[in-house]
Amino acid sequence: MNQGHNMAADHWALATLIFEMIAGYTPFYVKGMDQITLYRFVVKGEFNFPPRLFTHEAQAFIKKVLVGDPRKRLGSLAGGLSDLFNDPWFKSIDFAALRRRELQAPWVPTIRDPLDPSKFDSWDHVKVKNKGDYPRLSPRAQALFKDF
């Protein structure tokens, strides 16, 4: 919306990430949707929770953060960041222990080396666009780019 952004954009991204981690897809996209419709859904904050995947606390947190007006978004209100940290969604997290790196990760993936991509989705099905996919320019058309 060309209005700039502040930390409220990070809060929005956090809620979107939480939604995606639980549901497995972004909150605003619907199959077959074009980019303009997606943009409108994001701006209006229109999304639905899939049945039975989200706890009441998760839904409440996401609804309070995915608010179109950044000034009305959880984390941007009078309580600031403490509103986020004190939300019931995070009740089981000891943030002081987290900052001190005292908490154990709930799941640690097994990897072969630092560059092991095995825990990421395969993108092998995506056709790579390269210059071989495009017809060669005619000499006349190529001449237009002579000094470019």
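Which residues do ring pairs link into a cluster? Ring pairs join Trp-12, Phe-19, Tyr-25, Phe-28, Phe-47, Phe-49 and Phe-54.

## Basis of the model

This is a predicted model, in which local features need pLDDT of at least 70 and side-chain atom pairs count only at pLDDT 80 or more, while totals for chains, interfaces and linings use all residues. Residues are numbered from 1 along each chain as its sequence is written, and side-chain values use heavy atoms, with hydrogens and water left out.

## Aromatic pairs

A search of the whole structure gives 13 aromatic pairs, where rings of Phe, Tyr and Trp (its six-membered ring) pair if their centres lie within 6.5 Å, and planes under 30 degrees apart count as stacked, over 60 as edge-to-face and the rest as tilted. The pair of Phe-19 and Phe-47 is edge-to-face because the ring centres are 6.1 Å apart and the planes stand at 85 degrees. This pair links distant parts of the chain, 28 residues apart, with Phe-19 in helix α1 (residues 7-23) and Phe-47 in the loop between α2 (35-44) and α3 (56-65); helices (H or I, at least four residues) are DSSP runs, numbered from the N terminus. Phe-19 is buried at a relative accessible area of 0%, and Phe-47 is buried at 16%, where buried means under 20% relative accessible area (1.4 Å probe, protein chains only).

Phe-61 and Phe-90 also form an edge-to-face pair, at 5.2 Å centre to centre and with 80 degrees between the planes. Here Phe-61 belongs to helix α3 and Phe-90 to the loop between α4 (81-85) and α5 (95-99), 29 residues apart. Phe-61 counts as buried at 0% relative accessibility, as does Phe-90 at 12%.

## The second largest pocket

Phe-90 is also one of the residues that line the second largest pocket, among them Asp-10, His-11, Leu-84 and Phe-85; a pocket is an open set of points on a 1 Å grid over the protein atoms alone, where a 1.4 Å probe fits, with protein on both sides within 12 Å along at least five of seven lines, and lining residues have an atom within 4 Å of a point. Helices α1, α4 and α5 each give two or more residues to this lining. The pocket holds about 210 Å³ of space, a volume being the space filled by probe spheres set on the points, which are joined across faces, edges and corners.

## Thr-16

Thr-16, in helix α1, is buried with a relative accessible area of 12%. Not counting residues up to four places away in sequence, Thr-16 touches Thr-26, Pro-27, Phe-28 and Leu-66, with contact meaning heavy atoms within 4.5 Å.

Key. Buried means under 20% relative accessible area, exposed over 50%, partly exposed in between (1.4 Å probe, protein chains only).
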